[in-house]
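Hello,

Here is the structure you asked to look at. My notes on it follow below.

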Amino acid sequence: MEPLITGIHHVALKCNGVENFQETVRFYRDILQIKLVRTWGEGKGSGAMLDTGNGIIEVFASGEDRREEGAVRHFALATQDVDGCVKAVKEAGYEVFVEPKEIVIPSDPPYPARIAFCFGPVGEQIEFFHVK
């Protein structure tokens with residue numbers, strides 16, 4: 001039997017207006033070098049999709065406020081260069097709140113990785129994740 005779910009298609013971010021929308025698109029497109037694949041609308045109706053290679057980050061300008069925390073605490077972006085991601089976001093003035101480090105998730109079998117976390121332009125928590 002085929003599974004009902006075949007993957008995560010996209011993660012959506014609601015920005016607090018047009019200026020925050022433009023900053024968020026620049027962050028993902030220019031700093032993290034994620035390909036912008038489509039845009040639509042104008043002003044508060046603006047939207048964009050950026051393709052990570054195995055999932056989409058969808059950005060909307062229509063958010064009214066910033067929620068401090070919701071049910072989703074963070075999302076992880078796969079990378080071969082955690083340290084390069086951290087360098088890029090720091091140089092762009094964004095906060096890294098967990099510096100790059102080696103971890104082993106104590107699972108069966110153990111799951112070694114290199115990780116780091118930063119805050120994005122909408123206050124989202126982003127994990128950079130490299131499977132070792």
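Helices here are DSSP runs of at least four residues, numbered from the N terminus. The model is a predicted one.

Helix H2 holds both Lys87 and Glu91, which sit four residues apart, about one turn of the helix. Their side chains meet in a salt bridge, at 2.9 Å from N to O. Lys87 counts as exposed because its relative accessibility is 51%, and exposed means over 50%. Glu91 is exposed too, at 59%.

The count of salt bridges comes to six. Another one joins Asp83 and Arg114, at 2.8 Å from N to O. This pair links distant parts of the chain: Asp83 is in helix H2 (residues 82–91) and Arg114 is in strand S7 (residues 111–119), 31 residues apart. Asp83 is partly exposed at 37% relative accessible area, whereas Arg114 is buried at 18%.

Glu99 forms a salt bridge with Lys90, with the closest N and O atoms 2.8 Å apart. Salt bridges that share partners join Asp83, Glu102, Arg114 and Lys132 into one network.

Next, strand S5 (residues 75–78). In a regular strand the side chains alternate between the two faces of the sheet. S5 runs parallel to strand S8 (residues 125–131), and four bridges join the two. Ala76 stands opposite Glu127 in S8.

Last, Thr24 in helix H1 (residues 18–31). Thr24 is buried, with a relative accessible area of 0%. Its side chain reaches the backbone oxygen of Asn20 at 2.7 Å.

Regards

How values were computed. Residues are numbered from 1 along each chain as its sequence is written. This is a predicted model: local features need pLDDT of at least 70, side-chain atom pairs count only at pLDDT 80 or more; totals for chains, interfaces and linings use all residues. Side-chain values use heavy atoms; hydrogens and water are left out. Buried means under 20% relative accessible area, exposed over 50%, partly exposed in between (1.4 Å probe, protein chains only). A polar contact is a pair of N or O atoms within 3.5 Å; within protein, one must be able to donate a hydrogen and the other to accept it, and residues adjacent in sequence count only if both atoms are side-chain atoms. Two strands pair if DSSP finds at least two bridges between them. A salt bridge is a side-chain nitrogen of Lys or Arg within 4 Å of a carboxyl oxygen of Asp or Glu.
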